[in-house]
Amino acid sequence: MLADRATLLLVGGIVALLALASLITAVLKSRQPAGTLNPVIANLDARVRAWWVMVAIFSAALFTGGLGSVILFALTSFFALREFLTLTPTRPADHRALFWAFFVVVPLQYVLVAQRWYGAFAIFIPVYVFLFIPIRCAVGGDARHFLERTAKIQWALMVCVYCVSHVPALLMLDIPGFSGANARLVLFLVLIAQLSDVLQYVWGKLFGRHKIAPVLSPSKTWEGFLGGILSASAVGAALWWATPFNPWQAAALSLVITIMGFFGGLVMSAIKRDRGVKDYGNLIEGHGGVMDRIDSICFAAPVFFHLVRYYFT
Amino acid sequence: MSSASDLLAAALRLGCGVRQLPADALPTVPCVFFANHSSHLDFATLWAALPPAQRRRVRPVAGRDYWEKGPLRRWLAGRVFRAVLIERQKVTVATNPLTPMVDALDAGASLIVFPEGTRSPDGQIQPFKSGLHHLARARPTTPLVPIFLDNLNRILPKGDFLPVPLVATLAVGAPLAFDPAEAKTDFLVRAQLALVALQRP
C-alpha cells in the first residue's frame, strides 16, 4: 500500500503541524525569563516531543502496509491492558485468567484482524472470552468480590483490546473504489480523534470557563468541548478527498469520532478518579500512559468502523 | 560481563515496568537495602532498578538451603547474582549467618536483605526476623535503606511459575539511623514501619 499521493499529503500535513507546534513551543520557551520555566510550557514541550516519536512510529507502521499497523496496535493493546490491570485490584485466584488475557487473548484477537476474518474478530472477545474469563476465575476457587473482579477483567479487555483492535480492522473493509487505500481510513480516524483532543485542550486553555464534569475531569469545559469537536470536524470535512466520503459524510463521521472520543476521555477519567490516580502510567513523556493517549480512540474506533462498514461496503 | 548484565537489567526493567533509580536517590557508599518480600522477582527487580554504580557492588543475601538445590539455582546464585548464601536451618557458631554478610560489607559490597525471612503469601508485610538488627549492630554506620516493592506478588506470586506483565513500583525511603540504646524489638518494628510507610495508601 504505500505511499500514494493522498497518504503522503496527509502525513506531510501532520509533520508540518508538528513543526509549527515545535516552533510555537520554542518561541514560548525563549520568552520565559532566564532560568525559569512555566510548568504548562514545560509540559507542552514534553508533549510535542512525544508527538514526534508517536507520529514517526505510527507512520512507519502505516507505510509497511497492513501487518505493521496490526502489530503496532497489538502492542498498544498490550501496554494499555498492562496499565489498566495494574490499577485494577484482582486476587491471586485470578492470576491464570490474567495470564490468558495477556498472552492468548491479545495475540489471538490481532491474528483474527490480520486474517481479515470479520465474523470471528467481532465475537471472539464479547462471546468466548467473556465466558471464559469468569470460568477461569471460578476454577481459581475464590468467591470474594467475584462479580467485581471478573467485570474488571472483562472491561479491561473490552476497552484495551476489543475496541483498539477496530483501528487496524479498518484495513479489512472492502470499499468500492477505495481498494488498497484503507490505510488512509486508519490515518483519518487517528488524526481526527487526536486532533480533537489537542484542539479541545487548546480551546479549553484559551477560552474555557464553564466546567462540564468538575468531579470527573476538571479540565473539560464546554468551550473546549464545542470548540474542539467543531474545529476538528471542520478539518475532517476538509480532508474528504483522502477518504471514500463526500465532504458532508466526512464532516458527519468526524463529528461522531470527536464526540465518541470526548466520552471515551470522560469514562477513562472516571476510572482514574475511582482508582485515585492522575494518569494511567508514565510511558509517554508529558502525556502519561498509553491509555491516557488512546482513550478517545478506544471509544471512537468501533463506532467509526461499523458506520463505515454498514454504509460504505 | 558488565554489558551483558546491563542488558539483563534493562530487560528486567522493561518486563516489570520499573525505571532505573537516579544516582542521587541512594547513598554512594556500601549500604544494606532492606525490602519486603513477596515474589521470586523481588531481588532481580530491585537489582535492575539500582543505579549502575550500586548495582555493580550489590549482593543479595539468600538462604543456602534453597539456592544450593540444583545446578540452575547454584549458577544463578553463585555466578550471575554473586549471592551471599546464609544458613537458615542448622545455625552453629561455624555457620553464623552474620559472618559472610559482614565480610561482604567490609569488602565493599552492598547487600539486599529481606528481613521477613521468606516470601509473604499475600503481599502483606510480615514481622521482621532479627537478622537486620544483628547486622546493624555489627556495622552501625552502614546506611540501612528501606525499599518497598509493590505489585510483584501480582506479577509472579508465590507458588506460581507464569508471570503476568503488570507494572511494578519501587519506593525508596530515607536511611534508618541505628541507635545502640534502642531495644531489638523496637528497632525491628521501626524498620518494618519504615517499609509500611512507603506503601501507597
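1. A definition to start with: helices (H or I, at least four residues) and strands (E, at least two) are DSSP runs, numbered from the N terminus. By that reading, Lys272(A) sits in helix α9 (residues 247–275) of chain A.

2. A word on the model and its labels. This is a predicted model, in which local features need pLDDT of at least 70 and side-chain atom pairs count only at pLDDT 80 or more, while totals for chains, interfaces and linings use all residues. Residues are numbered from 1 along each chain as its sequence is written, chains are lettered from A and ligands numbered from 1 in the order in which they are written, and side-chain values use heavy atoms, with hydrogens and water left out.

3. Chain A, overall. You will find 10 helices and 0 strands here. The radius of gyration of chain A is 20 Å, in agreement with a value near 20 Å for a compact globule of 313 residues (it is taken over C-alpha atoms, and the globule rule is 2.2 Å times the number of residues to the power 0.38). Along the principal axes, the C-alpha trace of chain A spans about 60 × 50 × 30 Å.

4. Of its 313 residues, 51% are buried (buried means under 20% relative accessible area, exposed over 50%, partly exposed in between, with a 1.4 Å probe and protein chains only). Chain A exposes about 14,400 Å², and carbon and sulfur atoms supply 70% of that area (accessible areas come from the Shrake-Rupley method with a 1.4 Å probe; for residues, only the protein chains shown count as cover).

5. Back to Lys272(A). This residue is buried, with a relative accessible area of 9%. Leaving aside neighbours within four places in sequence, Lys272(A) is in contact with Val277(A), Lys278(A), Asp279(A), Tyr280(A) and Asp292(A) (contact means heavy atoms within 4.5 Å).

6. Another residue to look up is Ala169(A), in helix α6 (residues 146–169) of chain A. Ala169(A) is buried too, with a relative accessible area of 0%. Not counting residues up to four places away in sequence, Ala169(A) touches Val113(A), Phe121(A) and Phe305(A).

7. Chain B, overall. Its secondary structure comes to 9 helices and 6 strands. Chain B has a radius of gyration of 16 Å, close to the 17 Å that the globule rule gives for 201 residues, so it is as compact as a globular protein of that length. The C-alpha atoms of chain B fill a box of roughly 45 × 40 × 35 Å along the principal axes.

8. Inside chain B. Buried residues make up 47% of its 201 residues. Among contacts in chain B with a separation of 6 or more, 72% are between residues 24 or more positions apart. Do have a look at helix α2 (residues 41–49) of chain B: 9 of its 9 residues are buried, so this helix is largely enclosed by the rest of the structure. Among them are Leu41(B), Phe43(B) and Trp47(B).

9. Where the chains meet. The contact takes 16 residues from chain A and 17 residues from chain B. Between them the two chains bury about 1,400 Å², with 54% of it on carbon and sulfur atoms (buried area is the accessible area, 1.4 Å probe, that two parts lose on being put together, summed over both). In chain A, Arg82(A), Thr86(A) and His95(A) lose the most area to chain B, together 43% of what that side buries.
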